[in-house]
Amino acid sequence: MIPSSYYLALSAIIFVIGVVGVLVRRNAIVILMCIEMMMGAAGLAFVTFSRYLNSLDGQVAVFLVMAVAAAEVAVGLGIIVSVFRHKQTTDVDEINLLKW
Amino acid sequence: MLDFAWLILLFPLLGVLINGFIGNRIGKKWVGRVACAAVGLSFLVGVGVFFALLGEEHGRTVSLFSWITVGDFQIQAALLVDQLSTLMSLVVAGVSFVIHVYSIGYMAEDERYSRFFTLLNLFVFSMLILVLADNFLLLYVGWELVGLCSYLLIGFWFERPSAAEAGKKAFLVTRVGDFGFALGVMLIFATFGTLGYAEVFEQAPQVLTTGLATAITLLLFAGAAGKSAQIPLYVWLPDAMEGPTPVSALIHAATMVTAGVYMVARTHVLFELAPLSMTVVAVIGAATAFFAATIALVQNDIKRVLAYSTISQLGYMFLAVGVGAYASGIFHLTTHAFFKALLFLSAGSVMHGLSGELDMRKMGGLKDKMKTTYRAFLAGAAALAGFPLLSGFFSKDEILWRAFNSSIIPSASLRAGLWLVGIVTAFLTAFYAFRAVFLTFWGPSRVDEEVAHHIHESPRIMTTPLTILAVLALIGGLIGIPHLSAVEGFLEPVFAHHQAVPPPPAPPQPGGGSGILEWVLMALSAAVAILAIILAQYMYLVNPDRPGRLSKRYASIYKLLSNKYYVDEIYMAGIVNPLRNLASFLSRVMDAGIIDGAVNGLAAFFGRAGEETRKLQTGYVRNYGLAMLMGVVVVLGYLILR
Amino acid sequence: MEMVLFVVLGAIAIIAALGVIVAGKAIYSALFLLVNFCSLAGLYLLLNAQFLAAAQVIVYAGAIVVLFLFATMLLGGGEEARGTSNVKRHTSRYLAIALAVVLFMEVGYVLVSGTLTGMQGSDTPEAVASMGNVQAIGKLLFTDYLLPFELAAILLLIGIVGAVVLAKKEPNTQYPISNTQG
């Protein structure tokens with residue numbers, strides 16, 4: 001069997017790439033995508049543990065995570081659309097009215 | 001009757017309350033009546049107490065109410081009604097009454113009429129508290145209150161900057177003395193655990209060491225020096241002449257300034273346990289007497305002459321109590337009250353008649369135009385000078401005699417020295433007193449043109465008090481004739497049971513010549529007074545240029561005297577200005593700079609911190625995300641490394 | 001065999017992830033995301049989570065990515081030449097990358113030091129296989145995890161309502177000119 005650390009390392013890599021993406025990209029939609037990617041990586045970690053600890057709880061967790069992710073994407077995109085209607089842009093750097 | 005002694009205090013207090021609260025509404029006439037009635041009734045009660053006391057041996061303590069009760073410490077608000085305090089209250093109330101009547105006329109034009117009488121009554125009330133108190137704390141209350149009244153009354157015409165300054169000066173200078181006084185009282189409390197006269201005086205001989213007694217008494221004397229204008233704290237009294245003349249008469253001649261003398265007499269038990277203090281008191285008294293008399297010689301303002309004269313006569317009183325002749329000191333206090341008040345009121349009458357002129361060089365020839373005033377002033381001056389058989393003669397002579405053969409001052413040469421200073425000062429006193437008389441009333445008129453048209457005698461309400469006081473000044477001495485001294489006999493129970501007072505003719509010299517000596521000295525005083533009067537007449541009437549020529553020949557001495565030995569300037573440069581600079585430094589650098597700077601700096605610091613911190617809120621989501629990542633990394637790192 | 005599959009799928013996942021963050025246009029990022037999800041599904045299969053693999057494809061790849069595509073096409077997600085944008089950059093790219101690397105190293109350290117342990121459960125692959133993966137998960141969902149399950153349902157309801165409310169056009173409001181009509 002492949003050691004669990006391989007899977008976990010992979011999960012970590014994807015997660016980190018997602019983090020970078022959130023911080024580097026300026027398009028709001030792409031940022032949301034990177035967040036989804038991070039959640040996917042987390043799910044991978046869950047499933048890995050489920051396998052290596054012989055417990056199905058991990059898979060149930062991922063199942064619920066998926067549900068949450070779906071709801072979150074829906075609402076997030078709704079927000080982006082709504083903001084777009086006013087500012088005509090999806091560039092997060094232009095949405096800075098809450099500064100000091 | 002003695003138990004009703006508190007009425008003496010009640011009437012003036014009522015006067016204060018009535019005039020103070022509704023004075024403006026009841027009209028000037030009633031204000032005057034209320035004020036005079038208050039003091040008058042007080043005097044009558046005093047007379048009643050006096051007669052009641054004649055039948056008793058010792059005085060009584062009349063307790064009013066329990067004032068302070070803190071743990072073991074108890075102070076009653078109580079009055080000590082004995083011969084000394086009764087005599088003092090009679091003097092205070094009596095002379096005050098006369099002056100109140102006078103003021104009705106003198107202050108008739110003033111707008112703040114009711115305020116004046118309220119303050120005068122308040123003063124009488126405070127002085128009576130001082131005199132009747134039976135413990136040091138109540139004495140201190142009275143002491144401070146009279147100081148306050150003095151300040152308010154000196155600066156009564158506070159629109160005049162000089163008057164306001166004079167009031168401040170009086171208060172501050174006496175404050176220096178009062179500080180010593182307070183320390184003395186505290187020291188008494190620390191030593192005895194109580195502040196009542198009876199307990200303190202009873203325990204004193206056993207409890208006090210000489211050193212402690214000296215410390216206490218010197219501190220108490222510091223207060224006396226301030227209040228009674230002795231060296232070095234006399235400088236406020238001449239300036240206090242800025243106040244209305246009745247104020248000068250009442251407070252700065254007859255009553256408040258005598259508080260110090262009264263205090264020393266009252267605490268004589270303590271003073272006798274500290275021979276050094278007694279010597280100090282006597283020496284300062286004599287020195288002040290001489291010093292002030294020399295300055296009075298060359299003053300041109302009639303009230304200033306009288307002010308320095310007061311300082312000088314107070315010196316005599318301290319000389320008396322310093323050599324153990326307490327009754328003599330109090331006797332002189334009484335006669336001085338009469339003739340000094342008389343002199344001040346007459347001077348006020350002169351001012352009134354001359355539309356406010358005070359400079360004697362611009363007076364002259366008034367004796368026919370202001371007859372009653374002239375006669376009153378003459379009587380007062382004669383008494384002051386110690387003209388034989390008048391009141392001032394007997395009291396002053398008594399002091400000189402007692403100084404000469406006091407049993408308190410061991411050194412014969414010191415005694416002789418004190419006597420000599422005393423007699424020289426008597427000469428000077430007579431001289432300047434009659435100089436004032438001659439310059440003001442005799443000779444050709446040097447009065448200004450416009451003023452000369454309005455010269456008039458003062459109204460009856462002002463001249464009647466003058467007459468009363470004149471009579472007292474002339475015959476008042478008869479109660480103190482040596483060997484028949486009713487004053488001394490009356491006061492004996494108070495002063496008797498201590499080793500101090502030598503019974504009248506009990507000389508330290510062997511041989512029976514003492515009786516003769518006393519009469520010889522008395523004759524000497526009389527001769528000195530008369531000589532001085534003749535000299536004054538020569539200098540100011542017969543040969544009026546003489547003084548001018550003399551002052552030119554001895555120009556530097558003249559300058560020194562007429563500038564009051566530059567004492568005020570010395571104080572200003574040596575004490576006042578350094579203190580002012582220190583205060584200015586402290587206020588500018590320490591307070592405004594450092595303390596305010598620190599507080600403001602702290603506030604500014606937080607302001608700046610806030611400003612900088614606020615810049616974290618950039619509004620860009622990605623920055624926030626970066627911050628979050630940083631946080632996660634840090635926390636994770638910490639958890640891992642642990 | 002398993003190793004080979006793992007390596008291939010892993011590589012694809014990583015490359016796709018990089019593609020997501022690197023792609024110039026948003027639409028490309030979405031497509032790379034799709035690839036990433038599918039490779040994750042493959043990895044789930046490797047890990048004996050068949051149900052999840054299917055759910056991954058259906059939900060993530062099939063619904064979420066489609067949503068992204070719709071949104072991108074609606075809002076025009078083109079990011080022009082990234083190096084020369086007119087808007088001033090407000091974060092530092094390099095700091096972000098550096099921090100991310102540090103994060104990875106921390107996680108890596110934890111992995112390598114072998115401190116991650118857990119309780120062994122009772123669902124061995126054989127036990128699961130005997131019942132079937134779906135049934136096994138279903139059993140857990142409706143007994144031990146019933147409450148989270150119901151809550152997840154409510155959450156989805158909230159999501160629906162929220163999305164509708166947010167995206168609804170205000171009546172009588174004048175918007176600046178938009179790409180859409182109506």
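Two residues are said to be in contact if their C-beta atoms, placed from the backbone, lie within 7 Å. The legends describe a predicted model, in which local features need pLDDT of at least 70 and side-chain atom pairs count only at pLDDT 80 or more, while totals for chains, interfaces and linings use all residues. Residues are numbered from 1 along each chain as its sequence is written, and chains are lettered from A and ligands numbered from 1 in the order in which they are written.

**View 1. Chain C and its helices.** Chain C has seven helices and zero strands, where helices (H or I, at least four residues) and strands (E, at least two) are DSSP runs numbered from the N terminus. Among its contacts between residues at least 6 apart in sequence, 55% join residues at least 24 apart. Of the 182 residues of chain C, 27% count as buried, a residue being buried if 20 or more other C-beta atoms lie within 10 Å of its own. An automatic or database domain assignment gives domain 1 (1-78) and domain 2 (131-169) in this chain, and the C-alpha centres of these two domains lie 22 Å apart.

**View 2. The contact of chain B with chain C.** Twelve residues from chain B and ten residues from chain C make up this contact. On the chain B side, the residues divide into eight nonpolar, three polar and one charged; here Ala, Val, Leu, Ile, Met, Phe, Trp, Tyr, Cys and Pro count as nonpolar, Asp, Glu, Lys and Arg as charged, and the others, Gly among them, as polar.

View 3. Strands S1 (residues 60-70) and S2 (residues 73-81) of chain B run antiparallel and are joined by nine bridges, two strands being paired if DSSP finds at least two bridges between them. Arg60(B) has Val81(B) in S2(B) as its bridge partner. Two residues lie between the strands of this hairpin, and Gly71(B) in the turn has a positive phi of about 60°.

**View 4. The largest nonpolar core.** A nonpolar core is a set of buried Ala, Val, Leu, Ile, Met, Phe, Trp, Tyr and Cys residues joined through C-beta atoms within 7 Å. Of the 209 residues in the largest one, those that touch the most other members include Leu319(B), Phe434(B) and Ala473(B). Helix H17 (residues 412-441) of chain B gives the largest share of this core, 17 residues.

**View 5. Helix H1 of chain A.** Of the 21 residues of H1(A), 16 are buried, so that the helix is mostly covered.

Terms used. Buried ≥ 20, exposed ≤ 12 C-beta atoms within 10 Å, placed from the backbone.
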